[in-house]
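I opened the model today to go through its helices, its core, its charges and its surface. My notes follow in the order I looked things up.

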Amino acid sequence: MAGYRIEPDGTHVLEIDESELASAEALHAEIARTLSFPAYYGGNLAALSDCLEDLDEPTCIAVRRAPMANRRPWFDGFCRVIERASNENPRLRFEELATALPETTLDDILVRLESIDARLDALQAQPAAAAPAPAAPAAAPLAAAARETCRNLASGSDGDRFKCGSCGCRVSDYLEETRQLIDGLRYCPLCGREVTNPEGSNALGWVGELI
């Protein structure tokens, strides 16, 4: 928990390693014993401050903090009290030593490296993944749907020049003034179906009004 020595110049040096501390009570007891505090020492930070300010012997308290993950929250109070007392007592010096590295640092690194090596070996041992199958070529666009057709069912006897066999649309030439000559009625003017009468049938002719 603490190391103690006397330097050739008579300075009493107390080294405290936070990583080795068991409890605040144990540290109070160790400091009191090492620095010969009076029997009535109260074992608290206020009593510690009083006794440190009253030290007659040249004394150095050197503190080595633990890594952040292992620090004792209560030890911060000890450090503040010791540093404050060193400002009040010229015979007391406070030093903060370099933070100790965890003893397991190298071991941890080796373990992690071994774990990485094992993972790499496992990956290399796996069979190569099959190459993804080439994407199926996009389906050729469907041919344009055949246009729906109809037949001209007009007989001519009823005055119709066109009668759609699908929707029943009729084109009459009753109104002579509206007639016009075309190359043939190729599509039903109502449903749009293509007229597919055989050549020479009555799919061609005059177009008048829709009735």
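I began with α1 and listed its buried residues: Ala-24, Leu-27, His-28, Glu-30, Ile-31, Ala-32 and Thr-34. Buried means under 20% relative accessible area, exposed over 50%, and partly exposed in between (1.4 Å probe, protein chains only). Helices (H or I, at least four residues) and strands (E, at least two) are DSSP runs, numbered from the N terminus.

I noted the ground rules. This is a predicted model, where local features need pLDDT of at least 70, side-chain atom pairs count only at pLDDT 80 or more, and totals for chains, interfaces and linings use all residues. Residues are numbered from 1 along each chain as its sequence is written, and side-chain values use heavy atoms, with hydrogens and water left out.

Next I checked the end of the helix. Just after α1, Ser-36 has a positive phi of about 55°. Ser-36 sits in the loop between α1 (24-34) and α2. Ser-36 is exposed, at a relative accessible area of 60%.

Then I looked up the core. Which residues touch the most other members of the largest nonpolar core? They are Ile-31, Phe-37 and Leu-52, in a core of 25 residues. β2 (12-17), α1, α2, β3 (59-64), α3 (75-88) and β4 (92-97) each supply at least two residues. The largest share, 6 residues, is from α3. A nonpolar core here is a set of buried Ala, Val, Leu, Ile, Met, Phe, Trp, Tyr and Cys residues joined through side-chain atoms within 4.5 Å.

I searched for salt bridges and found 7 in the whole structure. The criterion is a side-chain nitrogen of Lys or Arg within 4 Å of a carboxyl oxygen of Asp or Glu. Glu-18 and Arg-65 form one (2.7 Å, N to O). Glu-18 is in the loop between β2 and α1 and Arg-65 in the loop between β3 and α3, so the pair ties together parts 47 residues apart in sequence. Glu-18 is buried at 0% relative accessible area, and Arg-65 is buried at 7%. Arg-65 also bridges to Asp-76 (2.7 Å, N to O). Asp-76 belongs to helix α3, so this pair joins parts 11 residues apart in sequence. Asp-76 is partly exposed at 31%. I also noted a network of salt bridges linking Arg-5, Glu-7 and Glu-15.
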